Amino acid sequence: MNIMTNVSVVTFDLDGTLVDTLPSIANAFNEILKEYGYEIFSVEKYMDFIGNGFGVAFDRIREVRNIKEDKEEFLSRVRDYYNLNYLKGAKIYEGMDKLLTYLEKKNIVLAVITNKDQITAEKYCNTLLNKWKFKYIFGNPENNAYPPKPYPYGLKMIVKDGYSIDEIIHIGDMIVDYTMAKNMGVRQIHCNYGYEKRNFEFENCVDRADEIIGIIK
């Protein structure tokens, strides 16, 4: 594991990196599946579905359950339920509080780049993560003004704000995080504790969030 210096900005994925949101996502989808009369899934099974937004999760679930309902109608109900219950079962990952406090003490700017919708991303930052200041929060906008990850919109905006590529580190748990950072030339740390379970050789892996304290100097 290489020590990383000259760090001004650390960007984080949200789900599976900062916060374990799997229980709340599973709860929302299962609730609507039940309403439509479909069999629900275990919380753990949702690790096969999530990672690229609710739309992709629905597509993967539909293949298994042969869902007949309109995609947008189904997702609208999932989102409505989720927005009211997004904290149910969600928690900050072990060691993340120590890492965020460490980075703030070093005057490193914190940012979130996620494929979760913008409003919900901000909600998490203002509730579970409200002890720390996130200067940038880039989620999926309602008007689809820019593509989701791995398109590096958030990284481009941070660079446009005056930070150089060499000063930024991205921390995430999915292939889209790795791809986004690599394509932009940004250093990356992969969280083994997150949701990406496919066989892929990531660089700079950690098993706990606070292990990153020993990497960023």
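The model is predicted, so local features need pLDDT of at least 70, side-chain atom pairs count only at pLDDT 80 or more, and totals for chains, interfaces and linings use all residues. Residues are numbered from 1 along each chain as its sequence is written, and side-chain values use heavy atoms, leaving out hydrogens and water.

**Nonpolar cores**

- The largest nonpolar core has 60 residues, and Phe12, Leu18, Phe29 and Phe134 have the most contacts inside it.
- A nonpolar core is a set of buried Ala, Val, Leu, Ile, Met, Phe, Trp, Tyr and Cys residues joined through side-chain atoms within 4.5 Å; buried means under 20% relative accessible area (1.4 Å probe, protein chains only).
- Because domain 1 (9-18 + 93-216) and domain 2 (21-85) both give residues to this core, it lies between them; the domain bounds come from an automatic or database domain assignment.
- Apart from this core lies another one, of 15 residues, including Val9 and Met184.

**The largest pocket**

- About 690 Å³ of space lies in the largest pocket.
- A pocket is an open set of points on a 1 Å grid over the protein atoms alone, where a 1.4 Å probe fits, with protein on both sides within 12 Å along at least five of seven lines; lining residues have an atom within 4 Å of a point.
- Of the 31 lining residues, Gly53, Phe54, Asn115, Asp117 and Asn140 are the closest to the pocket's centre.
- At least three residues of the lining come from each of domain 1 and domain 2.

Technical notes: Buried < 20%, exposed > 50% of the residue type's maximum accessible area, 1.4 Å probe, protein only. Points joined across faces, edges and corners; volume = space filled by probe spheres on them.
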